[in-house]
Amino acid sequence: MSEQNGMSCGEFGSVAAELALGVLTGRERAQAVAHLDECDTCREHVRQLSLTGEEMLGLLPSREPPEGFESRVMARLGVTEPAADQSPALSSTKSEKSPQRWSRRMLTMAAVALAVVACGLGGWALRGVTGSTSGGTGSTAAAPLREATLTSATHETEGQVYLYEGSPRWLYMGIDTHDTSDKTVICQLETRGGKLITIGSFQLEGGYGAWGSPDPVAATDVTGARITAEDGTVLATASFTSH
Amino acid sequence: MAAPELSIGPRTRGGQARETRARDKKPEKTAIPWTGSPVSDSVQRMGIPADRLPDETLLAGLGAGDPELSLAFVRRFQRVVFGVAVTVLGDPTTAEDVAQQTFERAWRHAQVYDTRRGSVRAWLSTIAHNLAVDVLRARTSAPVDPQDLPALLTAMTDTPERFAVAHDSAAGLRRALGALPAGQARAVAMAGIYGMTARQIAEAEGIPLGTAKTRIRDGMEKLRTAYLREDVGDE
């Protein structure tokens, strides 16, 4: 707490939101900024408010820009657009105008899994792993990433499993079941000898969840994965193709 | 003294001056030189289509001047960036200019983007917002017609499937915004989206200045609480 430069923490609190949103002006702003120099608590408070304000911008509706926008941006940056046949996959981004729930989430899962590869796995804060770039992109990128689709007993696609065999090894899975209830599910790996190893459990919210584990088991022995309910009911299975 | 923050637009909020814009200048990169592995090399080794790569990888590609990844980056975020700009400005022509400047700034500062401080989407949105508010403040007309606010707030608190999928982490904030008393929600939107001061809000709403300040404070505190709850839940 601090009461320097004529503004107490209480007084600062009454204008912190305005400061965080960049709409505080004049003497109040000068006093508030001066107070921040002296008070860690208020600095953290206003940082949180700033992040909240930034997050609020994410709620604004997206809008399609005018035709040719991307070309004008590329020209402005002086970056040569790739020829159309050099990036066929890019055209599929147009489908994001009306994405399917499952496919969008699977893309996110794939992105997270790939980020784990690209970033060198600096820890196991899975949901934050896309936020780490400290590991660089070089040494682990070429290591094999095995991927398998989780399917239900009725052959409906329910998710995706990624098994990374580099160092360190890791497993990541995302599931988005047609049953949209909240529940705890259990992840098991199946080995070449037919043994089932329970790796852990995680929570599905609205039928959706993503989960990962470091170094689950010698990856070369893994032939498949499955998700079960807590009562053992198998919800989805996946089979990795052999090397 | 506060810990130093990035010197670019979105990181200057919370008491620090906004970066002076260099409009209409040929872009010159002043950021830290790219020293990592060529992004496209890694991508090709992995055999991954560009549109499936993480946001941070595309941003790295943009910073490195990789044509394919740059295009993928622009395509991924152009609707978000233009959406912010046109919401704030209302004028598509000016909004496009702001959106183009946003990508230019992202390109220039790609190497100093700090992933620990937020998502690429939030970073870009804030750049676009800061640029748009700067333009707005240069205008003499009222930043927003109060009649337009209900539609905007409805759009921001709407929870159709596409939003739930595209930006799950914002769900708590969206709910909190939707639960705010109307006066607080309007004040938060006027200040947070249109960059209006408490005095401007008081005049637009016909309320005392103190009431406007209280609405901003109370509304933002509720949103902060919701944001922190969601953020903790994500860890």
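Which helices of chain B do the buried residues of H4(A) pack against? Hold that question while you set up the view.

This is a predicted model, in which local features need pLDDT of at least 70, side-chain atom pairs count only at pLDDT 80 or more, and totals for chains, interfaces and linings use all residues. Residues are numbered from 1 along each chain as its sequence is written, while chains are lettered from A and ligands numbered from 1 in the order in which they are written.

**Stop 1: chain B overall**

Select chain B. It has eleven helices and zero strands; helices (H or I, at least four residues) and strands (E, at least two) are DSSP runs, numbered from the N terminus. Along the sequence the pattern reads α-α-α-α-α-α-α-α-α-α-α. Of its 235 residues, 51% count as buried. A residue is buried if 20 or more other C-beta atoms lie within 10 Å of its own, exposed if 12 or fewer, and partly exposed in between, with C-beta atoms placed from the backbone. Among contacts in chain B with a separation of 6 or more, 65% join residues 24 or more positions apart. Two residues are in contact if their C-beta atoms, placed from the backbone, lie within 7 Å.

**Stop 2: H4 of chain A**

Select residues 69-77 of chain A, helix H4. Colour Phe69(A), Val73(A) and Leu77(A), the buried residues of H4(A). Viewed down the axis of H4(A), they fall within an arc of 70 degrees, so they line one face of the helix. The arc is that of the directions from the helix axis to the C-beta atoms. Now the opening question: these buried residues pack against H3 and helix H4 (92-109) of chain B. Step past the end of H4(A) to Gly78(A), where phi is positive, near 75 degrees.

**Stop 3: H4(A) against H3(B)**

Axes are lines fitted to C-alpha atoms, for helices over the stretch in contact, and angles run from 0 to 180 degrees between N-to-C directions. From H4(A), show Phe69(A), Glu70(A), Val73(A), Met74(A) and Leu77(A); from H3(B), show Ser70(B), Leu71(B), Val74(B), Arg75(B) and Gln78(B).

**Stop 4: H1 and H2 of chain A**

Select residues 9-20 (H1) and 26-38 (H2) of chain A. Their axes come within 10 Å and cross at roughly 105 degrees. H1(A) and H2(A) are therefore roughly perpendicular to each other. H1(A) contributes Phe12(A), Val15(A) and Leu19(A) to the contact, and H2(A) contributes Glu28(A), Arg29(A), Ala32(A) and His35(A).

**Stop 5: Thr197(B)**

Go to the loop between helix H9 (182-192) and helix H10 (198-205) of chain B and pick Thr197(B). Thr197(B) is buried, with 23 other C-beta atoms within 10 Å. Leaving aside neighbours within four places in sequence, Thr197(B) is in contact with Val23(A) and Thr25(A). Its C-alpha lies 8.9 Å from that of Lys213(B), 16 residues apart along the chain.

**Stop 6: H6 of chain B**

Finish on residues 149-157 of chain B, helix H6, with buried residues Leu149(B), Leu152(B), Leu153(B) and Met156(B). They cover an arc of only 95 degrees around the axis, which puts them on the same side of H6(B). These buried residues pack against H3, helix H8 (171-179) and H9 of chain B.

How values were computed
Angles under 35 degrees count as roughly parallel, over 145 as roughly antiparallel, 65 to 115 as roughly perpendicular and the rest as oblique.
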